[in-house]
Amino acid sequence: MEIYLVRHTETICEKGICYGQSDVAIAEPYTEIFNEVVLQLPSEAMIFSSPLKRCVLLANHIKENIKSISYQEDERLMEMNFGDWELKKWDEISPEQLNPWMEDFVNIQVSNGESFVELHNRVGAFIAEKLSKNIMHPIVIVAHAGIIRSILCHQTSLPLKEAFQNKVDFGQVIKIEL
């Protein structure tokens, strides 16, 4: 089964801001980048998207420009929940909180947020429910870097602590076979 993993385009957040599940807008202009994304996708597909507006806007553009077999937003495709760190500058997070997480982001849960393994488990539940069926059409998943890295770890059996080896740029399309 062909799966196209699409990361949302750049946000309006300045560099160095932690914005996991915060519903931030994307930077304009974006139409040209959206059109470049569409050119990399199949002519028809099932589309799944994170419900955060930075993904929904792109997913809707894709839906308008290819034949959409179906379209669903799924909360399990939301970026990592950074809890108390949301919309803070990374360098303003106390070293007592940040350093342990940086040393073991896979297992250490952010205060009032989640760990990467928790994100990975919800992505695994999404894959098990939505993608384990005998699907005949290509799939487009519009999501975030953390979600895409998690899917790539699922697909390649890459240890979660190595997830950042998978570089995922804004507006990037990654095609995999599942």
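This is a predicted model: local features need pLDDT of at least 70, side-chain atom pairs count only at pLDDT 80 or more; totals for chains, interfaces and linings use all residues.

## Sheet

Ile47 stands opposite Tyr71, which belongs to strand 3. Strand 2 and strand 3 run parallel and are joined by 6 bridges, and Tyr71 also has Lys63 lying over its face, at 4.3 Å from the ring centre.

These strands are part of an open sheet of 5 strands, in the order 3-2-4-1-5 and with mixed pairing. Strand 3 (67–73) and strand 5 are the edges, and because each has a single partner strand, one side of each is left without a neighbour in the sheet. On average, neighbouring strands are turned by 20° against each other, direction ignored.

## Nonpolar cores

The largest nonpolar core holds 36 residues, of which Leu5 and Ile141 touch the most other members. Among the elements that give two or more residues to this core are strand 1 (2–7), strand 4 (139–143), helix 4 (116–131) and helix 5 (145–156). Leaving aside residues up to four places away in sequence, Leu5 touches Ile141, Ile148, Ile151, Leu152, Gln172, Val173, Ile174 and Ile176. Another core, of 18 residues, lies apart from the largest one and includes Val6, Tyr30, Ala59 and Val173.

Since Phe82 lies in the loop between strand 3 and helix 3, and Trp101 in helix 3, the pair ties together parts that are 19 residues apart in sequence.

Elsewhere, the charged end of Arg7 sits over the ring of Phe170, 3.9 Å from its centre.

How values were computed
Residues are numbered from 1 along each chain as its sequence is written. Side-chain values use heavy atoms; hydrogens and water are left out. A nonpolar core is a set of buried Ala, Val, Leu, Ile, Met, Phe, Trp, Tyr and Cys residues joined through side-chain atoms within 4.5 Å. Buried means under 20% relative accessible area, exposed over 50%, partly exposed in between (1.4 Å probe, protein chains only). Helices (H or I, at least four residues) and strands (E, at least two) are DSSP runs, numbered from the N terminus. Contact means heavy atoms within 4.5 Å. Two strands pair if DSSP finds at least two bridges between them. Axes are lines fitted to C-alpha atoms, for helices over the stretch in contact, and angles run from 0 to 180 degrees between N-to-C directions. A charge sits over a ring if NZ of Lys or CZ of Arg is within 6 Å of the ring centre and within 35 degrees of the ring normal.
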